[in-house]
Amino acid sequence: MRKPKVVIIFTGGTISMTVDPRIGAAIPSLSSEEIMSLVTNIDKYAETESITFSKLPGPHIDIQLMMDLQKLVVKNLERDDVDGVIITHGTDTLEETAYLLDLTINSSKCVVVVGAMRNSSELGYDGPSNLAAAVCTAISHDSKNKGVLVVMNNEVNAASEATKSNTLSLDTFKSLEFGPLGIVDNDEVIYHRQIINRQHIPTQSVETKVDLIKCVAGMDSRFLKYSVDTGARGIVIEALGRGNVPPTMLDGIEYAIKNNVAIVMVSRCPTGRVLDTYGYEGAGRTLRNMGVILGGDLPGQKARIKLMLALTVTEDLNTLKGIIENNQYK
């Protein structure tokens with residue numbers, strides 16, 4: 001009986017870094033072979049094949065690189081000899097890449113995105129253990145049909161829910177609303193819950209002209225109008241609380257919608273969804289009546305990814321509303 005085979009695509013990030021003594025700071029330097037040599041005994045569980053996609057820190061990964069990576073992942077998932085694909089990634093933008101892959105890949109095979117919070121020069125380098133847990137997750141039959149997963153610190157989170165919650169902690173990736181899907185224990189993945197109503201957006205391209213604006217007390221319409229005037233096709237607003245903005249932003253929102261620029265609203269709160277609960281000037285009901293699309297419980301960075309993909313399917317605001325809201329609202 002053959003061992004399962006996993007393709008590991010290396011993109012860079014802290015998992016590939018060591019401290020350069022000349023500058024006294026960490027930079028990408030380890031090769032895929034050097035990283036895999038530290039993942040001891042993994043050959044007892046799976047056959048692995050390494051592909052070097054890039055050697056970039058997380059902040060250097062842009063949207064087009066994510067789409068290029070997506071095509072490489074799909075190509076390998078289509079191979080009959082491959083049971084799953086793992087991507088190593090810098091943690092700063094890991095959740096955005098993972099969510100883009102989750103929305104655009106339609107495969108029963110497991111895809112795992114993994115990183116590290118400590119570089120290989122630090123005590124307690126977590127890269128090898130995270131990568132080992134990712135392999136154990138990817139080869140499990142129980143991981144099929146779960147979409148893209150984020151595995152770190154022996155926790156398994158859905159790409160649609162995982163977010164980087166701390167700048168330092170090894171358990172930085174959290175599903176803040178409902179907790180992890182499962183854990184990796186004794187080299188075995190154990191799931192405690194399922195993801196329902198997963199969404200797939202059938203596209204192989206991305207609209208990069210989408211901005212993200214965070215709402216604060218007393219904010220006006222300057223940033224909104226600037227985004228529209230400089231060519232934005234969509235804008236995500238991280239609104240206040242349940243989904244409300246200062247009334248001084250209404251002029252900019254109306255300006256955007258009149259120019260056929262999609263406005264998607266999420267909350268700047270770390271948990272909870274937006275809803276048109278309130279009816280005062282600038283509140284959710286007013287915004288929804290103006291044509292603002294509600295983004296559920298997504299954080300701003302993920303709502304932006306979703307809008308970037310949806311805009312390649314349609315620019316009709318009513319059709320976009322259906323894709324973004326995904327039957328979450330009446």
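User: How far apart are the closest N and O atoms in the salt bridge that Arg-2 forms with Asp-83?

Analyst: First, a note on the basis: this is a predicted model, in which local features need pLDDT of at least 70 and side-chain atom pairs count only at pLDDT 80 or more, while totals for chains, interfaces and linings use all residues. Residues are numbered from 1 along each chain as its sequence is written, and side-chain values use heavy atoms, with hydrogens and water left out. A salt bridge is a side-chain nitrogen of Lys or Arg within 4 Å of a carboxyl oxygen of Asp or Glu. For Arg-2 and Asp-83, the closest N and O atoms are apart by 3.1 Å.

User: How many residues apart in the chain are Arg-2 and Asp-83?

Analyst: Arg-2 sits in the segment before strand S1 (5–12), and Asp-83 in the loop between helix H2 (63–77) and strand S5 (84–88). Helices (H or I, at least four residues) and strands (E, at least two) are DSSP runs, numbered from the N terminus. The pair links distant parts of the chain, and the separation is 81 residues.

User: Which parts does the salt bridge between Glu-49 and Arg-79 tie together?

Analyst: The two side chains meet at 2.9 Å, N to O. Their positions are 30 residues apart in sequence, so this pair ties together strand S4 (residues 47–56) and the loop between H2 and S5.

User: Is Asp-102, a partner of Arg-198 in a salt bridge, buried or exposed?

Analyst: The closest N and O atoms of Asp-102 and Arg-198 are 3.3 Å apart. Asp-102 lies in helix H3 (residues 94–104) and Arg-198 in the loop between strand S12 (188–191) and strand S13 (210–214), so the pair ties together parts 96 residues apart in sequence. Buried means under 20% relative accessible area, exposed over 50%, and partly exposed in between (1.4 Å probe, protein chains only). Arg-198 counts as partly exposed because its relative accessibility is 35%, while Asp-102, with a relative accessible area of 5%, is buried.

User: How many residues of H3 are buried?

Analyst: H3 is mostly covered. Its buried residues include Leu-94, Tyr-99, Asp-102 and Thr-104.

User: What is the relative accessible area of Thr-88?

Analyst: Thr-88 has its place in strand S5. Contact means heavy atoms within 4.5 Å, and, not counting residues up to four places away in sequence, Thr-88 touches Ile-8, Ile-9, Phe-10, Thr-11, Gly-12, Ile-15, Val-114 and Leu-131. Thr-88 is buried, because its relative accessible area is 0%.

User: Thr-88 also lines the largest cavity, so what is the volume of that cavity?

Analyst: On a 1 Å grid over the protein atoms alone, a cavity is a set of points where a 1.4 Å probe fits but cannot get out, and a pocket is an open set with protein on both sides within 12 Å along at least five of seven lines; lining residues have an atom within 4 Å of a point. Grid points are joined across faces, edges and corners, and a volume is the space filled by probe spheres set on the points. The count comes to 2 cavities of 30 Å³ or more. The largest cavity, with Phe-10, Ser-31 and Thr-88 among its lining residues, has a volume of about 60 Å³.

User: How many charged residues are in the lining of the second largest cavity?

Analyst: This cavity holds about 40 Å³ of space, and its lining includes Lys-109, Val-111 and Arg-198. Ala, Val, Leu, Ile, Met, Phe, Trp, Tyr, Cys and Pro count as nonpolar, Asp, Glu, Lys and Arg as charged, and the others, Gly among them, as polar. By class the lining has 3 nonpolar and 2 polar residues, and the charged ones number 2.

User: Which element gives the most to the lining of the largest pocket?

Analyst: The largest pocket has a volume of about 950 Å³. Of the 42 residues that line it, the closest to its centre are Ser-160, Glu-161, Phe-178, Asp-297 and Leu-298. H3, strand S9 (163–164) and helix H8 (300–310) are the elements giving two or more residues to the lining. The element that gives the most, with 4 residues, is H8.
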